[in-house]
Amino acid sequence: MTKKILVIEDDATTADYVAKGLVESGYVVDRAADGREGLFHALDGAYAAVILDRMLPGMDGLAILGAIRAAGVDTPVIILSALGSTDERVKGLKAGSDDYLVKPFAFSELLARLEALQRRGAANAQAVVASLVCGELSMDLLSHRVERAGTRIDLQPREFRLLEVLLRNQGHVVTRTMLLEEVWDYHFDPGTNVIDVHISRLRKKIDDAGQAPLLHTVRGAGYMLSEPN
Amino acid sequence: MNRLSWTRLKHSTTVRFVLLYLALSVAGAVPVLFVTYHQADRMSRDHFEAQISNRKANLLLTHRTGGIPAVAQGIRDRIAGGAAAQTALLLIDPSGRRIAGNMKTWPATLREQAGWTEMRLYRDGHVQPELFALSAVHFRSGHRLLIGTVIDDRTRMREALLIALVGALILAVPIGLAGSLVLVRFMNNRIGSIGDVAARIAAGDLSRRVDTDGTNDPFDRLGDSLNAMLARIEALVEELRLVTDALAHDLRSPLTRIRASVEKATMQPTEETQRQAIDATSQEIDGMLRTIAGTLEISRAEAGMGRENFAAFDLGALTRDLCEMYQPLAEESGVSIAVEKPREMTFFGNRELIGQAVSNLIDNALKYGSDGGNIRIGVEETETSILFWVADRGGGIPVDRREEAQRKYRRLDGARATDGSGLGLALVRAVARLHGGELILEDNSPGLRAVLRFPRPADPPEATL
């Protein structure tokens, strides 16, 4: 079954950009150009996710979010906003959104976050997992033991957390900012390529010379852990 | 005057003030007049009392020496001599018949008593009743004597006093009105001059100031605070102008580079080189977005926004966390980075902004101080402050350039070669100020020691044994 995404965005260029990208990624897209119409659709509840602009004619984005949540609809919501300060982000998350993306954004970032949200929703529905596996790589979440093809790999706590996030999202792109938020719980820009250096260290530990690489760099987007095919 | 304008007038401060002043002046006049009236009335009453008791004493003395006939004779003499023009006199025998006097009959309600009573009586030859102050004497023989004095004078005086009172009240209204108008005008002039300055400011002349006279009265203090506010506004506007200029300048160069690289990309022969050129363009755009985000974050911090997200967090843990985050990067540049004497330190503030500031300082140390090979980070607590510092062993910043280094878009000569927005230290300083602290750049001889100093919260120190 194809998944339906609701895009509530008044700026036609941005809406086209997002809708086109989503359709190419295999989603069905409904669009609403103003707040009231958007709220009307969103209350339907039949969407896999809602992408919501913060500043809309007719109704403020946060007000729509409030109304959706008040109506008991728990469809995942990603807010798009030109208001990029950390305070605004916190306000958006507190209002009940599942993620907050600052304009201008790369579509790959939006897609990665959208997919991560849906996996998170699916994972919550399942029972707690005790281990994560990707090809030869396995991670025991209880004993904190990581092995590749039977060989134990020693990881620092932060490296362990980094690998865990990648494993949970395996097969999908995880962006640098997503890693910064998930692994370090920071929402600011640390400037230099801090994340890249951590990834390259992790890569050295899990992808030994001679082994097929599991950790891939996705150009212009982020990183992805996947089985060699 | 129609109703609407009266309603508006009623709410005008000037009208309210005038009315209040008027009410106060009337309220002040009334008690004075009241006291005057009572005092004057009492004086005239005392005068009548003295007259009556005097006459009574004389007649009683006459009675003691000559009995009733002497009293009767005395009365007759007084009436005949004209001494009784303002007097009522009557002597009756036990059966009520008149023996002597200038009245026909004894008033039915008059009894012997101490002091005197007021009563309206007809005297012989008078058509109108007159008001008398009366005193009666009952002799043992059954004869009775009435002595009275006309008190029309007192009544007239009362009336005159009342007229004076009303007159004074009527005068108090215009005088009060005039006085209050003068006062209000004086006040309006002072406030008006402040308003004029405000209007000039609103019209764009930010250099205008309110006149102050140094007396430190409320008007003067108002003027002083307004002037202080205006100075601050002028400084902010100037700052804004500088930032706008600098931002325009700073955005123009990356935009020029972006434009050039887009043109270059369109001319690339192969797909691979085209992709590389587009990637380069994306990086330029990202850099520009970072500059804008940084500028906005600084402006917000400088405007005092972000305090609503203040909460307690462990500054020590944040420092260790960020140090660990930069560890791999430092190792790649051959620098050792470590937290000196790690400890817990509860700090009340905006965790994200402090984190950003700390990471900017570490980033700076890595960029400009890595040739020293050693970066130390520390958190300390003194009696009065909480200190966070990052120290490197690199080239440092000369004393006379330290202030410049903290300004927006100012990049010292050596730094222009590396990429960066020139906002790092400016943001650190803005965040420090948002938390009531400051950024101090010190000599680490050699190298730079950047210190964030925050005042310690004023809670009582925990008891130590």
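Where in chain A is the place of A:Pro104? A:Pro104 sits in the loop between strand S5 (99-102) and helix H5 (107-125) of chain A. Helices here are DSSP runs of H or I with at least four residues, strands are runs of E with at least two, and both are numbered from the N terminus.

This is a predicted model, in which local features need pLDDT of at least 70, side-chain atom pairs count only at pLDDT 80 or more, and totals for chains, interfaces and linings use all residues. Residues are numbered from 1 along each chain as its sequence is written, while chains are lettered from A and ligands numbered from 1 in the order in which they are written.

**Chain A and helix H8**

Chain A holds 8 helices and 12 strands. Of its 229 residues, 35% are buried; that label needs 20 or more other C-beta atoms within 10 Å of the residue's own, exposed means 12 or fewer, partly exposed lies in between, and the C-beta atoms are placed from the backbone. Among the chain A contacts with a separation of 6 or more, 57% join residues 24 or more positions apart. A contact means that two C-beta atoms, placed from the backbone, lie within 7 Å.

Helix H8 of chain A covers residues 194-206. Its 13 residues should span 18 Å at 1.5 Å a residue, and the end C-alpha atoms are 19 Å apart, which agrees. The expected span is 1.5 Å times one less than the number of residues. The buried residues of H8(A) are A:Val194, A:Ile195, A:His198, A:Ile199, A:Leu202 and A:Ile206. They cover an arc of only 130° around the axis, so they are on the same side of H8(A); the arc is that of the directions from the helix axis to the C-beta atoms.

**Where the chains meet**

The contact between the chains takes 20 residues from chain A and 24 residues from chain B. On the chain A side, helix H4 (86-94) and H8 each supply at least two residues, and H8(A) gives the most, with 4 residues. That side divides into 8 nonpolar, 8 polar and 4 charged residues. Here Ala, Val, Leu, Ile, Met, Phe, Trp, Tyr, Cys and Pro count as nonpolar, Asp, Glu, Lys and Arg as charged, and the others, Gly among them, as polar.

A:Val194 also turns up in the surroundings of B:Tyr326. Leaving aside neighbours within four places in sequence, B:Tyr326 is in contact with A:Val194, B:Ile337, B:Ile362 and B:Leu366. In the largest nonpolar core, of 99 residues, B:Tyr326, B:Ala357 and B:Val431 touch the most other members. Such a core is a set of buried Ala, Val, Leu, Ile, Met, Phe, Trp, Tyr and Cys residues joined through C-beta atoms within 7 Å.

Most residues other than glycine have a negative phi, and most peptide bonds are trans. Here are some exceptions to look for in the model.

| Site | Feature | Value |
|---|---|---|
| A:Lys103 to A:Pro104 | cis peptide bond | omega near -5° |
| B:Ser445 to B:Pro446 | cis peptide bond | omega near -5° |
| A:Asp185 | positive phi | about 60° |
| B:Lys341 | positive phi | near 40° |

B:Pro446 lies in the loop between strand S11 (438-443) and strand S12 (448-455) of chain B. A:Asp185 is in the loop between helix H7 (176-184) and H8 of chain A, and counts as exposed because it has 11 C-beta neighbours inside 10 Å. B:Lys341 is in the loop between strand S7 (336-340) and strand S8 (346-349) of chain B; B:Lys341 is exposed, with 8 other C-beta atoms within 10 Å.
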